[in-house]
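Colleague: Could you take me through this model and say what stands behind each label?

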Amino acid sequence: MSKRLLASYLALTAGVLLALEIPLALIDARTQRQDLENAVQRDAFVVASLAEDRLQSGGASAGLNAVVLKYRRETGGRVVVVDRRGRSIADSQPSFPGERNFASRPEIAAALTGKTVSGLRFSRTLGHHLLYVAVPVASAGTVYGAVRITYPTSALDARVNRDRVTLLVVALLVLAWAAAVGLVLAHSISGPLRRVEETAVRVGAGDLAAVAPEDAGPPEVRRLAAELNRTTTKLAALIASQEQFVADASHQLRTPLAALRLRLENLESEVNPAAADDVEGARAEVERLTRLVDGLLTLARAQRHAPAPVDVDVGEVLAGRRDAWLAFAGERGVTLVADDAAGLSARATPERLEQVLDNLLNNALEVAPSGTTVTLRAGAARGRVEVRVRDAGPGMTAGERARAFDRFWRGAATPGDNGGFGLGLAIVRQLISADGGTVELESPPGGGLEAVLTLRAGAGPASGQPARGTASTV
Ligand SMILES: Nc1ncnc2c1ncn2[C@@H]1O[C@H](COP(=O)(O)OP(=O)(O)OP(=O)(O)O)[C@@H](O)[C@H]1O
Ligand SMILES: [Mg+2]
């Protein structure tokens, strides 16, 4: 945009300069010529008045010769004085020795008929253009001769060219000035516009706290920034109210669900064996519903105000999760291995990190075939801490991995139906992002799936140390 604005300023300035300077140059060339002709004409009349007596009397021409030579020296012009037959009686600079008769020169022939003539013509004798003025030497209506003064046009051309160079320099200076002013103006428009665009990009990427500057640039850009900020504020309020609604609804549903489960438990002991299966099924559905509500509540809370991350001992969290899932892994015949990452410190919220690892371990142990190993590894590099959860299950295709973090998306890979809702990985991403971290799913060589969590390293004593790989197994 800056380039276009600058180009338009320059084009406009160049147009104005051309419209002004071309006529100016033409007028200047004409005026220069006119001025020279007028001045030369005056001189020719002065010489004619000096030559008048000499031509009338036919006396000596020595005085006249001295005058024309002096004129030649002082002005560079050639003066020729001829009698009524066109024969030279004084010549300041003969083109060749013995040049006497000028009657064939058109301007002298015209002057001998009593006319004053001036103009430009090409001199075949000299081989260049001449500016000439020829005036008659006349008294009481009788022409006694003529005076002609000529100048090579090179002097006139030099003067006209000098003026043109001056005009060109002025034009270049004006263009440079227009470019400088144009740059400042273009920057004052495009700078604020770029900041509004950056804000729009941040808002588009989900940063609803981004604010466009409303006090910079022209009024149109300020209005645009204000409108974007108003839209962002409305959007943030709308999303907040939706999140609040989900959080409130989930929270409100928990109490009746807990009561329902309690009643079903009481009912179980009282119903006859035929109805026991139905009651058991109803209880399982209530369990499922409770998990869904808990998941939704976790998601809603993760999006809302979150406690600030602290330095967390990753080794401790990993060991805790391994111990918590050992029994479940044992039931499924899967070996659960955890790195000894004692002292490895990351910036996180302990409960969130535990929940994230629980969801990943839940998935991994669901899909891991019996007899395989699920590993929990941790390490640090370049100010980041990485935690990896790997299983030897069926893995996921690139397309599935791209969709896996969508809410309520479930793939075909989960062996048996674990009764999930497709919320586990969505919660993982939400919680890890709230702590300033990221999560990726990778397909490791050898099959299976590896979930990679990346967190900022904490200031704990052992952050940056590579993890030591001792294993705990069932
Ligand atoms: N380790 C894994 N190996 C293969 N597929 C996986 C793995 N983890 C997740 N998936 C696939 O990703 C889908 C989404 O996982 P997610 O944890 O979000 O939901 P879920 O486990 O199906 O249900 P929920 O976690 O809500 O109980 C799963 O249905 C499964 O198909
Ligand atoms: Mg899951």
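Modeller: Let's start at the ligand: one of the oxygen atoms of ligand 1 lies 3.1 Å from a polar backbone atom of F421. This is a predicted model, where local features need pLDDT of at least 70, side-chain atom pairs count only at 80 or more, and totals for chains, interfaces and linings use all residues. Residues are numbered from 1 along each chain as written, chains are lettered from A and ligands numbered from 1 in the order written, and side-chain values use heavy atoms, without hydrogens or water.

Colleague: What makes the F421 pair a polar contact?

Modeller: A polar contact is a pair of N or O atoms within 3.5 Å, and F421 is at 3.1 Å. By that cut-off, L425 also qualifies, with a polar backbone atom 2.8 Å from a ligand 1 oxygen, and so does R410, through a side-chain N or O atom at 2.7 Å.

Colleague: How much of ligand 1 does the protein bury?

Modeller: 93% of the 590 Å² that ligand 1 exposes when taken alone (Shrake-Rupley areas, 1.4 Å probe).

Colleague: Why is L12 called exposed?

Modeller: Because exposed means over 50% relative accessible area (1.4 Å probe, protein chains only), with buried under 20% and partly exposed in between, and L12 has 61%. L12 sits in helix 1, residues 2–57 (a helix is a DSSP run of H or I, at least four residues, numbered from the N terminus).

Colleague: Which residues of helix 10 are buried?

Modeller: In helix 10, residues 424–434, they are L425, A426, I427, V428, L431 and I432.

Note on methods: Helix = DSSP H or I, 4+ residues; strand = E, 2+ residues; numbered from the N terminus. Polar contact = N/O pair within 3.5 Å; in protein donor to acceptor, adjacent residues only side chain to side chain.
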